[in-house]
Amino acid sequence: MSEGFFHILKRSEWQAAMLKQAYAPLSLATEGFIHCSTWEQLPGSGDRFFRGQPDLVVLRIDPQRLTAPVKVEAGFPHLYGPLNLDAVLEVVDFPCHEDGPFSHPKEA
């Protein structure tokens, strides 16, 4: 699962995106991009932005299939446009450990 870019979100947000056939989170409107992580950055991103939040999933995204441009800024991949759902290769659960921190998700 370590290849590609990754995006963390609530399961309900992903379910809504599948119904709409589009994913454009609030960050796209407020910041101009969708936050993503590399495999190495994934646990830290979870700890920093999602600690204590239940029912999260991680999207594994194929950068070659994206229709919006990606820029790596401050070491993080940012998607400058909506995420086309056919670029999502995998969706896996992303639970917190009982003591709080995240670790890499298990492969589906």
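**Salt bridges, cores and pockets in a predicted model**

By the rule I use, this structure has five salt bridges. The rule is a side-chain nitrogen of Lys or Arg within 4 Å of a carboxyl oxygen of Asp or Glu. Before the details, a word on the source. This is a predicted model: local features need pLDDT of at least 70, side-chain atom pairs count only at pLDDT 80 or more, and totals for chains, interfaces and linings use all residues. Numbering runs from 1 along each chain as its sequence is written, and side-chain values use heavy atoms, without hydrogens or water.

Back to the charges. Side chains of opposite charge can pair when their charged atoms come close. Take Arg11 and Asp93. They form a salt bridge, and the closest N and O atoms are 2.4 Å apart. The pair links distant parts of the chain: Arg11 is in helix α1, Asp93 is in strand β6 (residues 88-93), and 82 residues separate them. Helices (H or I, at least four residues) and strands (E, at least two) are DSSP runs, numbered from the N terminus. Arg11 is partly exposed, at 25% relative accessible area. Asp93 is also partly exposed, at 44%. For the cut-offs, buried is under 20% relative accessible area, exposed is over 50%, and partly exposed is in between (1.4 Å probe, protein chains only). Arg11 and Asp93 also belong to a salt-bridge network with Asp55.

Next, Glu90 and Arg60. Their closest N and O atoms are 2.9 Å apart. This pair links distant parts too, with Glu90 in strand β6 and Arg60 in strand β3, 30 residues apart. Are these two buried or exposed? Glu90 counts as buried, at 14%. Arg60 is buried as well, at 17%.

Now the inside. A nonpolar core here is a set of buried Ala, Val, Leu, Ile, Met, Phe, Trp, Tyr and Cys residues, joined through side-chain atoms within 4.5 Å. The largest core has 18 residues, and Trp14, Tyr23, Leu59, Ile61, Leu66 and Leu83 touch the most other members. β1 (5-10), α1 (11-20) and β3 (56-61) each supply at least two of its residues. The largest share, three residues, comes from β3. A second, separate core has ten residues, including Phe6, Leu42, Phe94 and Phe102.

What does Leu66 contact, leaving aside neighbours within four places in sequence? Its partners are Phe5, Ile61, Leu79, Leu83, Asn84 and Ala87. Contact means heavy atoms within 4.5 Å.

Last, the pockets. On a 1 Å grid over the protein atoms alone, a pocket is an open set of points where a 1.4 Å probe fits, with protein on both sides within 12 Å along at least five of seven lines; lining residues have an atom within 4 Å of a point. The largest pocket has a volume of about 430 Å³. Volume is the space filled by probe spheres set on the points, with grid points joined across faces, edges and corners. Of its 23 lining residues, His7, Ile8, His35, Phe49 and Phe50 are the closest to the centre. The lining divides into ten nonpolar, nine polar and four charged residues. Ala, Val, Leu, Ile, Met, Phe, Trp, Tyr, Cys and Pro count as nonpolar, Asp, Glu, Lys and Arg as charged, and the others, Gly among them, as polar.

The second largest pocket holds about 150 Å³. Asp93 is one of its lining residues, as is Phe94.
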